[in-house]
Amino acid sequence: MVRLLGYLGVIASTIALTLGAPARAQDPAPDPAPDQKVQPRSQTKDAAADDHTPKPVQDAAEPDHIRGRVTLVEASLFAVKTREGRTLRIGLHDSTTVIGLSKGSFAEVDFGVYVGAVAVKLEEYSPIVRDSAVWLHKGFELRIIDDKLRGIALGHKKWDLTPDSIISHGWVDDLEVRVLSIKWGPTDYDETDVEVPRDVPVQKMSLGDKSLIQPGMSVFVGAQKGSDGKYVALFVLVGKDGIVPAL
């Protein structure tokens, strides 16, 4: 599945060149590369793409998602003003996982790196040759995940960033310019092909501790609501250096 070493060198050079180029939407349409020819649409191809593209799973146990800014921190709880203007008090336990998000670069993406992305399916096929019968997804964000968190949230499921968005976590199994295959299972099609536009945030995700949770920090919280109506955080993603979590 992985390219020969010589071919990898060509891919790496292509990535380096495209990082400094204008946004793709503003580029004149170049002739497709020999291994990236546009695949003509057909009912047979579309059926194959529908069959091969992973179907998102909705996890009934998924915690509530809270996005906003920290306004208060106490010993065992913190308060978040949400994007909708509500203020929620959220409990912290010893088992709460705290993760820091810092600025990353697409240049750090390579084969075998563990990543996560929120994306939405496009009505076009993946340009990756071996996945030419798979729908391409457009990413809203990309996270490069530290080895200490490797394996976290492995898989492909529905997400609530937009009505039709999904989230995928896995390792980079293939790479064509700014399209990567996020592989999360043993078969050839247990993967999601995601295009990462140049204006999409790329962030690094690493294990942190509760000291990261400070007033003014932007957070993404996964919290469970108890029978008493109170929230308890299962995990907290904290944007460092002014970063707002994009997921």
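The following legends describe close-up views of a predicted model. Because the model is predicted, local features need pLDDT of at least 70 and side-chain atom pairs count only at pLDDT 80 or more, whereas totals for chains, interfaces and linings use all residues. Residues are numbered from 1 along each chain as its sequence is written, and side-chain values use heavy atoms, with hydrogens and water left out.

**Figure 1. Strand β3 and its two partners, β2 and β13**. Strands are DSSP runs (E, at least two residues) numbered from the N terminus, and two strands pair if DSSP finds at least two bridges between them. Strand β2 (residues 77-82) and strand β3 (residues 87-91) run antiparallel and are joined by 5 bridges. Leu-77 has Gly-91 of β3 as its bridge partner. The two strands form a hairpin with 4 residues between them; in the turn, Gly-85 has a positive phi of about 95 degrees. Strand β3 is also joined to strand β13 (residues 231-239), by 2 bridges and in parallel orientation. Here Gly-91 stands opposite Val-232 of β13.

**Figure 2. The aromatic cluster of Trp-159, Phe-220 and Phe-235**. Rings of Phe, Tyr and Trp (its six-membered ring) pair if their centres lie within 6.5 Å; planes under 30 degrees apart count as stacked, over 60 as edge-to-face and the rest as tilted. The structure holds 3 aromatic pairs. In one of them, the ring centres of Phe-220 and Phe-235 are 6.0 Å apart and the planes stand at 35 degrees, so the pair is tilted. This pair links distant parts of the chain, with Phe-220 in strand β12 (residues 218-225) and Phe-235 in strand β13, 15 residues apart. Ring pairs link these two residues and Trp-159 into a cluster. Accessibility is classed by relative accessible area (1.4 Å probe, protein chains only): buried is under 20%, exposed is over 50%, and partly exposed lies in between. Phe-220 is buried, at 1%, whereas Phe-235 is partly exposed, at 22%.

**Figure 3. Arg-178 over the ring of Phe-106**. A charge sits over a ring if NZ of Lys or CZ of Arg is within 6 Å of the ring centre and within 35 degrees of the ring normal. Arg-178 lies over the face of Phe-106, at 4.4 Å from the ring centre.

Figure 4. A salt bridge is a side-chain nitrogen of Lys or Arg within 4 Å of a carboxyl oxygen of Asp or Glu. By this rule the count comes to 8 salt bridges. Arg-67 belongs to strand β1 (residues 64-73) and Asp-160 to the loop between β7 and β8 (166-176), so the pair ties together parts that are 93 residues apart in sequence. Arg-67 is buried, with a relative accessible area of 12%, while Asp-160 is partly exposed at 40%. Lys-204 is partly exposed at 33%, as is Glu-108 at 34%.

**Figure 5. Positive phi at Ala-153 and Asp-241**. Ala-153 has a positive phi of about 55 degrees although it is not a glycine. Ala-153 is found in the loop between β6 (135-145) and β7 (155-158), and is partly exposed at 45% relative accessibility. Asp-241 is likewise a residue other than glycine with a positive phi, near 55 degrees. Asp-241 lies in the segment after β13 and is exposed, with a relative accessible area of 76%.

**Figure 6. The second largest pocket and its lining**. On a 1 Å grid over the protein atoms alone, a pocket is an open set of points where a 1.4 Å probe fits, with protein on both sides within 12 Å along at least five of seven lines; lining residues have an atom within 4 Å of a point. About 300 Å³ of space lies in the second largest pocket. The lining comprises 19 residues, of which Ile-152, Ala-153, Trp-159, His-169 and Phe-235 lie nearest the pocket centre. Strands β4, β8 and β13 each supply at least two lining residues; the largest share, 3 residues, comes from β13.

Key:
Points joined across faces, edges and corners; volume = space filled by probe spheres on them.
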